[in-house]
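Please have the sequence and the model open side by side while reading this report.

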Amino acid sequence: MFERVASVTEIPPHGRKSIVVDDVPALLVRVGNDFFAIEDVCSHDGQPLTDGPVADGAITCPRHGAKFDLKSGQALCMPATRAIPTFAVQVRDGEIFVGPAGSELPVMPSVTAPAQVVEPTNIPVVSVTAASGDQVPTPAPGADDDIRLIDALKQVIDPELMVNIVDLGLVYSVNRDDRKIYVEMTLTSPACPAGPQIVQQSKMALERLRDVDEAEIKLVMTPPWTPDRMTDEAKDMLGIF
Ligand code: FES
């Protein structure tokens, strides 16, 4: 059932108003002459969207930068993967009414779907072997060693998206110099709270290999990560088409 929540004159053309719908905190947003009502809770980590900037029909979470379509509630970019609920809006005689929740919204990740084995051909791996007197021989440079290193990194799961960092496209390069590994990788957003954990786990995953003494992980933000860096399998898992 629709309930009156505001007058049109109360909300300027790019204004907003916090409201409550069915005991849920919601946000009424005006874009020109259109009104949208969304649940005021980011599906990524619960941040209110109240003060998020609005542009191009979408609102951006002020905490980590996820974007949501105001009309459908759909998550448009990481780190959010689930839509937020929307509510129907009607304007009658200069009064705004908000009604039942919008259509059931897509929940993006089917994160329990089995990961597919992906050949690491899109990651530049350069292996450089130096002379070594170690007991465990360093493998000759080549595809087998590359795959072992990439497979080790695939053990590291982004805790927010529950997809491994290789399939997410976070790993930019892996280089070997004898028994030391150099990795350049990025994060889905500069403010990703899981960054230190991902770096530490990547280092540990590589240093567990018998022929690796040390792994140096360098975080880079250029080029920035975008969803099109993900493998098709990762996109499938997150419901991105
Ligand atoms: S809480 Fe909104 S993007 Fe993280």
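This is a predicted model: local features need pLDDT of at least 70, side-chain atom pairs count only at pLDDT 80 or more; totals for chains, interfaces and linings use all residues.

Residue numbers start from 1 along each chain as its sequence is written.

**Overall make-up**

The protein has 15 strands and three helices. Helices (H or I, at least four residues) and strands (E, at least two) are DSSP runs, numbered from the N terminus. Of the 241 residues, 34% count as buried. A residue is buried if 20 or more other C-beta atoms lie within 10 Å of its own, exposed if 12 or fewer, and partly exposed in between, with C-beta atoms placed from the backbone. Among contacts with a separation of 6 or more, 54% are between residues 24 or more positions apart; two residues are in contact if their C-beta atoms, placed from the backbone, lie within 7 Å.

**The sheets**

An open sheet of six strands runs in the order E1-E9-E8-E4-E3-E2, with antiparallel pairing. Two strands pair if DSSP finds at least two bridges between them. Strands E1 (3–7) and E2 (16–21) are at the edges with a single partner strand each, so one side of each has no neighbour in the sheet. On average, neighbouring strands of this sheet are turned by 30 degrees against each other, direction ignored; the axes are lines fitted to C-alpha atoms, for helices over the stretch in contact, and angles run from 0 to 180 degrees between N-to-C directions.

A separate entry in the table is E6 with E7, from an open sheet of three strands in the order E5-E6-E7, also described by antiparallel pairing. The edge strands there are E5 (54–55) and E7 (67–69).

| Strand pair | Bridges |
|---|---|
| E2 and E3 (residues 24–31) | six bridges |
| E8 and E9 (residues 95–101) | five bridges |
| E4 (residues 34–39) and E8 (residues 86–92) | two bridges |
| E6 (residues 58–60) and E7 | three bridges |

Arg 16 stands opposite Val 29 in E3, and Gln 90 stands opposite Phe 97 in E9. Ala 37 faces Phe 87 in E8, while the bridge partner of Ile 38 in E8 is Thr 86. In E7, Asp 69 is the bridge partner of Ala 58.

The hairpin of E2 and E3 has two residues between the strands, and Asp 22 takes a positive phi near 50 degrees there. In the hairpin of E8 and E9, also with two residues between the strands, Asp 93 takes a positive phi near 50 degrees.

**Helix H2**

Ile 198, Ser 202 and Leu 206 of H2 are buried. Seen down the helix axis, the buried residues of H2 fall within an arc of 60 degrees, so they line one face; the arc is that of the directions from the helix axis to the C-beta atoms. The face turned away from the buried side carries the exposed residues Pro 196 and Gln 200.

**Nonpolar cores**

A nonpolar core is a set of buried Ala, Val, Leu, Ile, Met, Phe, Trp, Tyr and Cys residues joined through C-beta atoms within 7 Å. The largest has 26 residues, and those with the most contacts inside it include Leu 153, Ile 165 and Leu 170. Helices H1 (143–153), H2 (195–207) and H3 (232–238) and strands E13 (171–177) and E14 (180–185) each supply at least two residues of this core. Not counting residues up to four places away in sequence, Leu 170 touches Ile 165, Met 185, Thr 186, Leu 187 and Trp 225. A second, separate core of 25 residues includes Ile 59, Cys 61, Ala 66 and Ala 80.
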